[in-house]
Amino acid sequence: MDPVFVGIAGIVVLILLFTMEFPVAFAMGAVGFAGFGLLIGVDAGLEMLAIDIFESFSSYNLSVIPMFVFMGAVAFEIGMSRRLFDASYALFGRLRGGLAISSIIACAGFAAICGSTNATAAAMGAVALPHMKRYKYADTLATGSVAAAGSLGILIPPSALLIVFGIMAEESIGKLFIAGILPGLLLAVLFVLTAQLLCLLNPSLGPAGEATAFKEKVTAIAAVGEVLVLFFLVLGGLFTGWFSPTQAGSAGAAGVIVLGMIRRTLTWKGFVRAGVDALMITCMVMFIVAGATLFGHFIAVTQIPFKLSAWVSQLDYSPMAIMAIVVLVHLIGGCFMDGFGLIVLTVPIMLPMIQSLGIDIYWFGIIIVLIVEMGTITPPVGVNVYVIKAVAGSDVALETIFKGIIPFLGALVVAVLLLMMFPWIVTYLPSIATY
């Protein structure tokens, strides 16, 4: 049987399983095992299944996941999300659209210690939406700004999606984290400018809040100094080579626990709850990596990635033109597939092609994660939209939230264009990092 035909059939079956909401990890594992067994043999497939699962769960590189996830879970339990919002509000709340701007800045701050788009959107939605409702913000701006800014959780490091990409691409997770810093800050600024522009064009969308005294501003900023300490501890340690990614995650988790104990906001129940949440998310990601590894080995024996690479090398297109096609494929796919599923499906197929074109892998990874970020707020998948819908309750229609994210999608498009025109925004920091 033609390996290429089997590979294409496997990809089609996998996409069908995704559309049927079959768990990503088990769908990829099943298709990978079945395809590999069909081409090489059942015994070889069983051996590969055992080896890949064991190596995935015993991998030192994957130990970075529970540390960063646990750090974010504890940070939520000790109230960091609320303090971030309060500090942002103290600085920007008196502006038109100030609450939306405050929400975006707080999302960026929480993303730096969380790494999950869903958790960021849920945490900030619970804090910010009641305030915006009280000040009679338009539902479109209120929900759209939080849903969009929540997506920063998968771009601003630490990011679970960047970890998965780094493992699949066999690249430095630490440098991927560093590569995401400037693009993440750029996107946060674009979101802020979008909210400000919307309120300048239509002041009724976001009325100004109450002014705060200078002393209140100083107090609020001092209260979130802990976030800056954690941020510089984790990413500063990575940048200077003091920590490996796993050590950085461990230091961050230990730091947030100590902060919770100093503030006396970390209860035993909260600690246990954070541990359970981190365990569940970690198991999900590790199963996805194991399934992706199985599927990657199947795709490798079909020779599809290498034949695709050879075909692309014969085309008379520039690398940027090829990259534009890759972006379009991910943009369409992100509308229908979960971000993890899309990454683990496309990376094994496209990575040899990208390498043959001489494209920087870190830049490629950030671009793809940014495109996947669009998928978190676009229909029909749009997971962040559904998270905000759950937080907002029956008062806000789903269509209203989708309408509210449209301007912020424009900001995402601008970010992608800027990164494609100026790749140094991604590549500069990794090029000077010690790690």
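These notebook entries record what I looked up in the predicted model.

**Entry 1. Conventions.** I worked with a predicted model in which local features need pLDDT of at least 70 and side-chain atom pairs count only at pLDDT 80 or more, while totals for chains, interfaces and linings use all residues. Residues are numbered from 1 along each chain as its sequence is written, and side-chain values use heavy atoms, with hydrogens and water left out.

**Entry 2. Helices α6 and α7.** I took helices as DSSP runs (H or I, at least four residues), numbered from the N terminus. Helix α6 (residues 98-114) packs with helix α7 (residues 117-134) at an angle of about 155 degrees, and their axes are 10 Å apart. Axes are lines fitted to C-alpha atoms over the stretch in contact, and angles run from 0 to 180 degrees between N-to-C directions. The pair is therefore roughly antiparallel (under 35 degrees is roughly parallel, over 145 roughly antiparallel, 65 to 115 roughly perpendicular, the rest oblique). The crossing of α6 and α7 is right-handed, that is, the near helix is turned clockwise from the far one by less than a right angle. I listed the residues in contact (heavy atoms within 4.5 Å): among them are Phe110 and Cys107 of α6, and Met124 and His131 of α7. By class, this contact has twelve nonpolar, three polar and no charged residues. Here Ala, Val, Leu, Ile, Met, Phe, Trp, Tyr, Cys and Pro count as nonpolar, Asp, Glu, Lys and Arg as charged, and the others, Gly among them, as polar.

**Entry 3. Cysteines.** I found zero disulfides in the structure, a disulfide being a pair of cysteine sulfur atoms within 2.5 Å. For cysteine 199, the nearest cysteine sulfur is that of cysteine 107, 16 Å away. Cysteine 199 is buried at 0% relative accessibility (buried means under 20% relative accessible area, exposed over 50%, partly exposed in between, with a 1.4 Å probe and protein chains only). Cysteine 107 is likewise buried, at 0%.

**Entry 4. Helices α20 and α21.** Helix α20 (residues 383-392) and helix α21 (residues 398-421) pack at about 130 degrees, with axes 10 Å apart. I therefore recorded α20 and α21 as oblique to each other, with a right-handed crossing. Val385, Tyr386, Ile388 and Lys389 of α20 meet Leu398, Ile401 and Phe402 of α21. The contact has six nonpolar, no polar and one charged residues.

**Entry 5. Threonine 302.** I located threonine 302 in helix α15 (residues 268-302). Threonine 302 is buried, with a relative accessible area of 1%. Leaving aside neighbours within four places in sequence, threonine 302 is in contact with Pro3, Val4, Gly7 and Leu39.

Methods: Helix = DSSP H or I, 4+ residues; strand = E, 2+ residues; numbered from the N terminus.
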